Amino acid sequence: MGICDSTMGLSNTLLVMALLLYGAASVKSQAYFNKTGELPCLFINSENISVDELVVFWQDQNKLVLYELFKGKENPQNVHPKYKGRTTFDKDNWTLKLHNIQIKDKGSYQCFIHHKGSKGLVPLYHMSSDLSVLANFSQPEIMVTSNRTENSGIINLTCSSVEGYPAPKEMYFKLKTENSTTKYDTAMKKSQSNVTELYNVSISLSFSVPEASNVSITCVLKLETMELHSLPYNIETNKMGRKESEQTKERIQYHVPERSDEAQCVNISKTTSDDQSTTHF
């Protein structure tokens, strides 16, 4: 190995050591609303330094302290009130768990590790982590806003989904007949809670039911990584006139849908029919 190769190898080693010591990279973590999130601190304690000799703490993007471990003992005096009672430190993997996650908890966090010795505090390591927060929207639900008259083929529907985050990308109705599938794009209404910052969304549609055709209407909520589908609203039509199926009547409820803690997602697979997607619950 030449001098240049030796110098380059030494430089790379020093660079790796610097990255390990000072945590130049930032990691991304994700948590669900009202659940527990993790804020990692990827510290490699190669020298097996006792926690009794360390000062470990986390702070948020506003420099507020979430947790402090001072020479092996928790020090709640420096913890900001908004974080008291909400954290748990896992000493095995140097991870801070933040409980009861809220939307306002999203943002950047930093962990710091110092050695407490005879010369005072000596920085050993720090790193950043970016926390994003998600909340599952409820399954979209179709509701009849006004019944059509006997001589009118017009029907008015509203579809709603509540308490989700972040805001969805799109919401639309999909109308399927025996021979075709039509997408109805309508303006999506959004409202956000001042307390929880969660979103409620809805769309409305007035349309003319085709003559002599069975119709199935589905509401689709398109999120960043998945789609949520409502139960279908079915309309049976014949020569004697239009009538809503008994099954559909049982499904249509006149109330705001409740939010589920579990994601109500569907898998989309291609088919050879006129409908471009198949819903699997």
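User: What am I looking at, and how are residues numbered?

Analyst: This is a predicted model: local features need pLDDT of at least 70, side-chain atom pairs count only at pLDDT 80 or more, and totals for chains, interfaces and linings use all residues. Residues are numbered from 1 along each chain as its sequence is written, and side-chain values use heavy atoms, with hydrogens and water left out.

User: How far apart are the sulfur atoms of Cys 41 and Cys 111?

Analyst: They are 2.0 Å apart. A disulfide means a pair of cysteine sulfur atoms within 2.5 Å.

User: Is Cys 41 buried or exposed?

Analyst: Cys 41 is buried, at a relative accessible area of 1%. Cys 111 is buried too, with 1% relative accessibility. Buried means under 20% relative accessible area, exposed over 50%, and partly exposed in between (1.4 Å probe, protein chains only).

User: How many disulfides does the structure hold?

Analyst: Two. Cys 159 and Cys 219 form a disulfide as well, with sulfur atoms 2.1 Å apart. That link is left-handed, with -95° about the S-S bond. The pair joins distant parts of the chain: Cys 159 is in strand β11 (residues 154-164) and Cys 219 in strand β16 (residues 215-222), 60 residues apart. Cys 159 is buried at 0%, and Cys 219 is buried at 0%.

User: What pattern do the disulfides follow?

Analyst: The pattern is 1-2, 3-4, counting bonded cysteines along the chain.

User: What does β4 pair with?

Analyst: β3 and β4 run antiparallel, joined by five bridges. Gln 59 has Val 65 in β4 as its bridge partner. β4 also runs antiparallel to strand β5 (residues 73-74), with two bridges between them. There, Phe 70 stands opposite Lys 73 in β5. Two strands count as paired if DSSP finds at least two bridges between them.

User: What about the turns?

Analyst: The hairpin of β3 and β4 has four residues between the strands, and Lys 63 takes a positive phi near 70° there. β4 and β5 form a hairpin with two residues between them, where Lys 71 in the turn has a positive phi of about 50°.

User: What order do the strands take in the open sheet of three strands?

Analyst: The order is β2-β7-β6, with antiparallel pairing. β2 and β6 (87-90) stand at the edges with a single partner strand each, so one side of each has no neighbour in the sheet. β2 pairs with strand β7 (residues 95-98) over four bridges. Glu 38 stands opposite Lys 97 in β7.

User: Where is Thr 177?

Analyst: Thr 177 is in the loop between β12 (170-176) and β13 (181-185). Thr 177 is buried, with a relative accessible area of 14%. Leaving aside neighbours within four places in sequence, Thr 177 is in contact (heavy atoms within 4.5 Å) with Pro 210, Ser 213, Asn 214 and Val 215.

User: Now charges. How many salt bridges are there?

Analyst: Four, where a salt bridge is a side-chain nitrogen of Lys or Arg within 4 Å of a carboxyl oxygen of Asp or Glu. One of them joins Arg 86 and Asp 105, with the closest N and O atoms 2.6 Å apart. Arg 86 is in the loop between β5 and β6, Asp 105 in the loop between β7 and β8, 19 residues apart. Both Arg 86 and Asp 105 are buried.

User: Which residues are linked in a network?

Analyst: Salt bridges link Glu 170, Lys 183 and Asp 185 in a network. Lys 183 and Glu 170 have their closest N and O atoms 2.9 Å apart. For Asp 185 and Lys 183, the N to O value is 3.7 Å.

User: Are Lys 183 and Asp 185 exposed or partly exposed?

Analyst: Lys 183 is partly exposed at 43% relative accessibility, whereas Asp 185 is exposed at 54%.
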